[in-house]
Amino acid sequence: MTPGLPSSRDRGLHGQVVDVLGQEVVDGRLAPGSILNLDQLAVRFSVSRSVLREAVRVLQSLGLVEPRQRTGTAVQPRTSWDLMSPQVILWRGRGPEYFTQMRELLELRLGLEPVAARLAARAMDPLQASLVQEAARTMVEAARSGDGRRYLEADVAFHTALLHGSGNAVLGHFATQVEALLRTRVEEARFTITEWTPSAAEAHLAVADALLAGDADAAFTRCWHLIEGTVDEFTSESGTDAG
């Protein structure tokens, strides 16, 4: 092993420490302003101080903790978190912030994805558009058969292709956050196949048809209705007002 590099065992332990502590911060079990006791944490996780320090650096990069002179490493409030990090999205999706996050990111998606669909209708070549349509058709088939895993993977493929197909690199980057959000449905231990699924699958197919036809206005409108339908689903499930 190269001197100075952590072993594979240490890298595995490092990932576990990051995941556990990150989840505890996001869930509020480590309250904002509290100070991490690194000696106690080293004993708790049975890791070296170097592994723990590396884990803390990762949490710091996500805005969850911040080292302070003379006081130690302090837990930060939500206003400091990198809320667009896929890892933070995953942690929030596992915990009590699930519905808050869904509302926030659905509102963002409603503003971005219809624009991406309009751009994609103009920018995509027929092969790219047909791949989006294939993903939508897979969603329809999976909805009919009740195959939640297949539906989820096709849903991720659809939105990833749509956002990248816009030809806008910033919108394409947002695909990572959308994928993380979609996968929180599994993390949150809910069935992916719901009473809303068949109509949602058909709505995806309608967007794909508009992309294949190169109809920018229809792509925008149908994508808007698609995301709006997801907002309605969220509102029904959460019992809250998403607006």
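R57 is partly exposed, with a relative accessible area of 49%; here "buried" means under 20% relative accessible area, "exposed" means over 50%, and "partly exposed" is whatever falls in between (1.4 Å probe, protein chains only). This is a predicted model, so local features need pLDDT of at least 70 and side-chain atom pairs count only at pLDDT 80 or more, while totals for chains, interfaces and linings use all residues. Residues are numbered from 1 along each chain as its sequence is written, and side-chain values use heavy atoms, with hydrogens and water left out.

The side chain of R57 meets that of E54 in a salt bridge, 2.7 Å from N to O. A salt bridge is counted when a side-chain nitrogen of Lys or Arg lies within 4 Å of a carboxyl oxygen of Asp or Glu. The general idea is simple: side chains of opposite charge can pair when their charged atoms come close. E54 is partly exposed too, at 33%. Because R57 and E54 are three residues apart in helix α3, about one helical turn separates them. Helices (H or I, at least four residues) and strands (E, at least two) are DSSP runs, numbered from the N terminus.

Helix α9 (residues 175-187) holds another such pair: E179 and R183 sit four residues apart there, about one turn of the helix. Their closest N and O atoms are 2.9 Å apart, making a salt bridge. E179 comes out as partly exposed at 29%, and R183 as partly exposed at 25%.

R92 also forms a salt bridge, this time with E104, and the closest N and O atoms are 3.1 Å apart. This pair links distant parts of the chain: R92 belongs to helix α4 (residues 86-94) and E104 to helix α5 (residues 98-123), 12 residues apart.

Now for the strands. Three of them form an open sheet in the order β1-β3-β2, with antiparallel pairing; two strands pair if DSSP finds at least two bridges between them. The edge strands, which each pair on one side only, are β1 (35-36) and β2 (65-68). Strand β3 (residues 72-75) runs antiparallel to β2, and four bridges join the two. V65, for instance, has V75 in β3 as its bridge partner. Helix α3 (residues 49-61) packs on this sheet and touches β2 and β3, its direction making about 115° with that of β2. Contact means heavy atoms within 4.5 Å, and angles run from 0 to 180 degrees between N-to-C directions, using axes that are lines fitted to C-alpha atoms, for helices over the stretch in contact.

Q23, in helix α1 (residues 8-27), is buried at 9%. Leaving aside residues up to four places away in sequence, Q23 touches R29, W91, R94 and G95. S166 lies in the loop between α7 (148-165) and α8 (169-173) and is buried at 5%. With residues up to four places away left out again, the contacts of S166 are A116, L119, A120, A123 and L171. The side chain of S166 also reaches the backbone oxygen of L163 at 2.7 Å.

Definitions and conventions:
Polar contact = N/O pair within 3.5 Å; in protein donor to acceptor, adjacent residues only side chain to side chain.
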